Amino acid sequence: MVDRNKAFGWAANDESGVLSPFHFSRRENCENDVTVKILFCGVCHSDLHTIKNHWGISRYPVVPGHEIVGIATKVGKNVTKFKEGDRVGVGVIIGSCESCESCNQDLENYCPKVVFTYNSRSSDGTRNQGGYSDVIVVDRRFVLSIPDGLPSDAAAPLLCAGITVYSPMKYYGMAEEPGKHLGVNGLGGLGHIAVKIGKAFGLRVTVMSRSSEKEREAIDRLGADSFLVTMDSQKMKDAVGTMDFIIDTVSAEHALLPLFSLLKVSGKLVTLGLPEKPLELPIFPLVLGRKMVGGSQIGGMKETQEMLEFCAKHNIVADIELIKMSDINSAMDRLAKSDVRYRFVIDVANSLVTDSSAEILEEHVDHGVSITSRF
Amino acid sequence: MEKVHQKEAFGLAAKDNSGVLSPFRFTRRETGEKDVRFKVLFCGICHSDLHMVKNEWGMSTYPLVPGHEIVGVVTEVGAKVTKFKTGEKVGVGCLVSSCGSCDSCTEGMENYCPKSIQTYGFKYYDDTITYGGYSDHMVCDEGFIIRIPDNLPLDAAAPLLCAGITVYSPMKYHGLDKPGMHIGVVGLGGLGHVGVKFAKAMGTKVTVISTSERKRDEAINRLGADAFLVSRDPKQIKDAMGTMDGIIDTVSATHSLLPLLGLLKHKGKLVMVGAPEKPLELPVMPLIFERKMVMGSMIGGIKETQEMIDMAGKHNITADIELISADYVNTAMERLEKADVRYRFVIDVANTLKPNPNL
């Protein structure tokens, strides 16, 4: 049994999703591991879904957070790519089988035995907790190098939001078609990065949103070429058949038919949001216009590193609002209302303070069985 | 008799949305300098014909002469026609014209041209309505005429002009034509049975997916499918999960996409060529977590149609047909509605379609 070291973070304990201080443990650094002192952690919408158990798969207590940037404080003896003091990142996955077809193609994210950074269990039975915490220990294969030139706080969201848009944009052919027209539906954590990456690929980018509220932002600050209010039926009509691609970041239930009508013949709609219920798919537009709808989730480790290098080269970072750990619950309330431009990032190193006087839940791990006791 | 053009013609038309077809005399234009005129020998009955005669898509105008799986023999060519001559065996599929200049046309995808003109029921440049192949002869621009390979029997080749290209085009476009791939074909009707034949000729392994056991023997022993799976049997679905590179879905009734998406491998493609009227439920998780795609396709361009039929000639691919006389057409339509045909009716036009002397 591997030795374990103390760790501290904030966890949700039930479906209320309220986060509070939590003591737990991480495994001791083994020969393939990198121990990371966490500096910053992005707040992803998936964190909100998980703490409130929207997908019905949450196991409490859960420490969320999979957009982690920190400093390597210890590396195992087999680790050659990283050394102590390096700036590193950890994203959405921390393990895979490493031998299946997907893993052999550097597509660990599609491995049937993929291990997510939090709300998952490793093969030794331990529960994995995420980056709203002071330290994390990760296998070298799942650690990323943060390129010079990317600020740690604003780079953190790239580890989920960034790769989530970069991977399908490459896979569905948007990276080699400068001049073509991309629509980005929804301007939040995913959408705003899709605009920046789309512009860096040389695409013409139209941001689509239900209201005109974000129009000036989209064009003046994010660099979008145009803005389309999807509730404006005349503007939608004028835009029919003008887009080669659409990245749909909206996870709330919404109609696909108007989006299909915006696509040109052979156009591609890529859906990234995770709605709770199936969407309605009208077939006629697909058939009449040879259109398609596809999906994607994050990316493999090699591609995530490639994405970070690409962002460094093009000065692409997330637009963030830096918060203290103690503000996380109000940040989650605001995130639920999309009241953020465009990603909260927790200043973990400067604000995660062990509070021994507070009531805390501590997780004991004893022979692989998890016991929770209250102090 | 409606008289607009110079050349008399006769055929079968639906006069209203009962869809009942009856003798109809009309006219066709003179052979223009780029036109090919041909005597119709055979015409396939496509399911679209049934939808159109009953105005199920809300776009039919009457009288409607259906038929877009037409084969025959050239009787006259215009002065500027270079590719065809009198006596040649030719065909016309679903299109008789397009704009020629848009992106789709320049890429050989006339089928996606916003100004494409279908073989029947569409307004032509001279403001007349096009009449299809349930008629004695056709006249059509050279650019939309298909040459039928000599070795193919004309009656059984006719359905390839719609059904054949409808399955061939997406298999090529989406790269589902590589030897060794595993392709599923959902539905074993006009489209499905031809889909099996083309997929086998491309060297793929083919599984037919159907709602009942009934067609298993046919699918495997006669059509050459490698496997057959009943979509309503959860165990058969489970055993085949994650095994297919692509699925060609020919079913136009409302049906569930979730089991079909489950049958695909990662990055698998579900191609819809049947067009259900109402939207289907799209489970998003398989698209996102397994990078799968749902796409649509509609017939194919002209060059591609010629390529398809040349491949059919090379591999002796024809439709399985029931040859009928012109006066059986209404009964055939009723049977088609119940999917009671193995697998395409073809009208023996030349031998059985006679003008009604009383009109």
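A: H4(A) is mostly covered, since nine of its 11 residues are buried, where buried means under 20% relative accessible area, exposed means over 50%, and partly exposed lies in between (1.4 Å probe, protein chains only). Helices (H or I, at least four residues) and strands (E, at least two) are DSSP runs, numbered from the N terminus. This is a predicted model, in which local features need pLDDT of at least 70 and side-chain atom pairs count only at pLDDT 80 or more, while totals for chains, interfaces and linings use all residues. Residues are numbered from 1 along each chain as its sequence is written, chains are lettered from A and ligands numbered from 1 in the order in which they are written, and side-chain values use heavy atoms, with hydrogens and water left out.

Q: Which elements do the buried residues of H4(A) pack against?

A: Contact means heavy atoms within 4.5 Å. The buried residues of H4(A), including Ile163(A), Ser167(A) and Pro168(A), pack against strand E12 (181–185), H5, strand E15 (243–248), strand E16 (263–271), helix H10 (301–313) and strand E20 (343–347) of chain A. H4(A) is followed by Gly173(A), which has a positive phi near 85°.

Q: How do the axes of H4 and H5 of chain A cross?

A: Axes are lines fitted to C-alpha atoms, for helices over the stretch in contact, and angles run from 0 to 180 degrees between N-to-C directions. Here the axes of H4 (residues 161–171) and H5 (residues 189–200) of chain A come within 9 Å and cross at roughly 50°. That makes H4(A) oblique to H5(A), because angles under 35 degrees count as roughly parallel, over 145 as roughly antiparallel, 65 to 115 as roughly perpendicular and the rest as oblique. The crossing of H4(A) and H5(A) is right-handed, a term used if the near helix is turned clockwise from the far one by less than a right angle, with anticlockwise counting as left-handed. Among the residues making the contact are Tyr166(A) and Met169(A) of H4(A), and Leu190(A) and Ile193(A) of H5(A).

Q: What does the contact of H4(B) with H5(B) contain by class?

A: Ala, Val, Leu, Ile, Met, Phe, Trp, Tyr, Cys and Pro count as nonpolar, Asp, Glu, Lys and Arg as charged, and the others, Gly among them, as polar. By these classes the contact of H4(B) with H5(B) has eight nonpolar, four polar and no charged residues. In chain B, H4 (residues 163–173) and H5 (residues 190–201) pack at an angle of about 50°, with their axes 8 Å apart, and their crossing is right-handed.

Q: Is Asp320(B) buried or exposed?

A: Asp320(B) is buried, with a relative accessible area of 12%, and lies in the loop between helix H10 (302–315) and strand E17 (321–324) of chain B. Leaving aside neighbours within four places in sequence, Asp320(B) is in contact with residues including His193(B), Lys197(B) and Arg222(B).
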